[in-house]
Amino acid sequence: MRGLFRSFFTVSSYTALSRILGFIRDIFIAKYLGSTVTADAFFVAFRLPNFFRRVLAEGAYSAALIPVFSGAVIDSKDDDEAADFVENTMSLLLFVTVILTIIFYFGMPYIIQVLAPGFTSNKEAFDLAVHFGKIIFPYLIFISLVAHFTSIMNVHGKFAAGSLAPSILNISFILSLFILTPQLPSAGHALSYGVLIGGLFQFLLMYRAVLTFYRPRIKLPQINDRMKKFFTLFIPGIVGSGVIQLNIIIGTVIASFLPIGAISHIYYADRLNQLPLAIFGIAMGIVLLPSLSKAIKQNDQKEVQATQNRSLEFCILISIPSAIGLYILSKPIIYILFERGAFLSSDTLYTAKVLSMFALGLPAYILIKVLVTCFFAREDTKTPLYVSIASVVINIILSLIFIQSMRETGIALATAISAWVNALLLYVILKMKDNITLDSRLINHGVKTVICSIIMGGACYYLNLTLFPHMNMHSTTNNVAALIIAIMACNIIYMTMIFMLKVLTIDELKGFIKN
């Protein structure tokens, strides 16, 4: 178990670095673009390849490849068989993504009509989105190969390079804004080319990393038994693991009918909501899948149940206070990070409301990453698919209802509710199949975690009223200092309660850090 958490801390550390760079990136994007037509057009154009990036790199691809590839590496002592599987999947992935890129390039006007039907009445937004989409979409080729090589490295217990790769994209975004914007018609054009440049360097990083184990070559793919098994898992996994991202895309489609800026408000809020999700939920899912797959293949039920319970316990420990903090401090966080340049006070108001609604679903988003992995490790990608379909339907219905009175805030609320439905259904099905049993430690610590979070939430609410009543009357330095003080105070209160109630002990913490 400590090996699992050691790998988790490796992934989460690099992910935290990526997200910090992502915040810096978004601060500059907000300054250059704000919530303008160009911003909305770029976010729509980036939504589809970004969907594939998140699903492939964080879900479906690894969920299908890792169990099958683990069999080739563990069950078979033939290195040539493992190398052959690597080359087959890489070559097929390359051919498919190149063909998709060509189709989407020429069909981009139709794609934008689907992603943002509301843009059809705004020629400027529509034309910009089509143009940006044509520049960005070849990124799909690079990120697909990055996901492939990352999954291979994960099977071999090497998580660093794959976790570092997203930072390269964020660095490319930042440099492109500064270097390319003066040379191009707008910052949106610079960001679009930044996506491509970042994707190329991500690919080069991961290709070099995978050379440690294999030297994959492009060849005509052979559809053997392992390849058939891989695609049997992969195809339903695309939807099953991408439900959160699919719900965000649906939110973008619906938001395109709202006034200009709604799509940007959802984007900025989602980026903040993704921080704890990526550092804890996605990172846990990445390291949990190989470990759980191996335990299941070895039929070690004690290890399987312990791994599942401790993963859920850790996610609850982190997600509940994170959700409360984001909900209460949503306005000062948005104001301090983004309100400057083209990002106006009205943008702060709407984005903060969206973030607070996203925060309500944060524990569910993180739990989904662990629960879905419990299915993927058992080579079951169909059940999460069916659950995600139900979740998406609920999200669409609720979005259309809430949007009437709540604008984009209603879309975020609908996404949060559908996430909780998704998490509950996944757990119930696992329980019905006798694949998960919540032990007494998880239940006991879960109750204590809720108590600690409520106490921390009360302190956070008081600090919010005390420190941020009139932010526009204070300097940026004072506001930043106040936010840091509030966050540190809440963390100290929460951790003190956690140790007092013995949810986590000093010895356990030292053990996780040392091992």
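## Basis of the description

Residues are numbered from 1 along each chain as its sequence is written. The model is predicted, with local features requiring pLDDT of at least 70, side-chain atom pairs counted only at pLDDT 80 or more, and totals for chains, interfaces and linings using all residues, while side-chain values rest on heavy atoms, without hydrogens and water.

## Helix 17 and helix 18

Two packed helices are described by the angle between their axes and the distance between the axes. Helix 17 (residues 382-406) packs against helix 18 (residues 408-432) at an angle of about 155°, and their axes are 7 Å apart. Helices are DSSP runs of H or I with at least four residues, numbered from the N terminus. Axes are lines fitted to C-alpha atoms over the stretch in contact, and angles run from 0 to 180 degrees between N-to-C directions. The two helices are therefore roughly antiparallel, a term for angles over 145 degrees.

The 25 residues of helix 18 should span 36 Å at 1.5 Å a residue, which agrees with the 37 Å between its end C-alpha atoms. The expected span is 1.5 Å times one less than the number of residues.

Most residues other than glycine have a negative phi, and most peptide bonds are trans. Arg-407, in the loop between helix 17 and helix 18, has a positive phi of about 55° although it is not a glycine. Arg-407 is partly exposed, with a relative accessible area of 22%. Buried means under 20% relative accessible area, exposed over 50%, and partly exposed in between, with a 1.4 Å probe and protein chains only.

Just after helix 18, Asp-434 takes a positive phi of about 60°. Asp-434 lies in the loop between helix 18 and helix 19 (440-467) and counts as exposed at 59% relative accessibility.

## Two buried residues

Ser-399 is placed in helix 17 and counts as buried, at 0% relative accessibility. Neighbours within four places in sequence aside, Ser-399 is in contact (heavy atoms within 4.5 Å) with Ile-254, Ile-411 and Ala-414.

Met-153 belongs to helix 7 (residues 139-155) and is also buried, at 7% relative accessibility. With neighbours within four places in sequence left aside, Met-153 is in contact with Lys-158, Met-206, Ala-209, Val-210 and Phe-213. Met-153 and Met-206 are 53 residues apart in sequence, and their C-alpha atoms are 8.9 Å apart in space.

Key: Angles under 35 degrees count as roughly parallel, over 145 as roughly antiparallel, 65 to 115 as roughly perpendicular and the rest as oblique.
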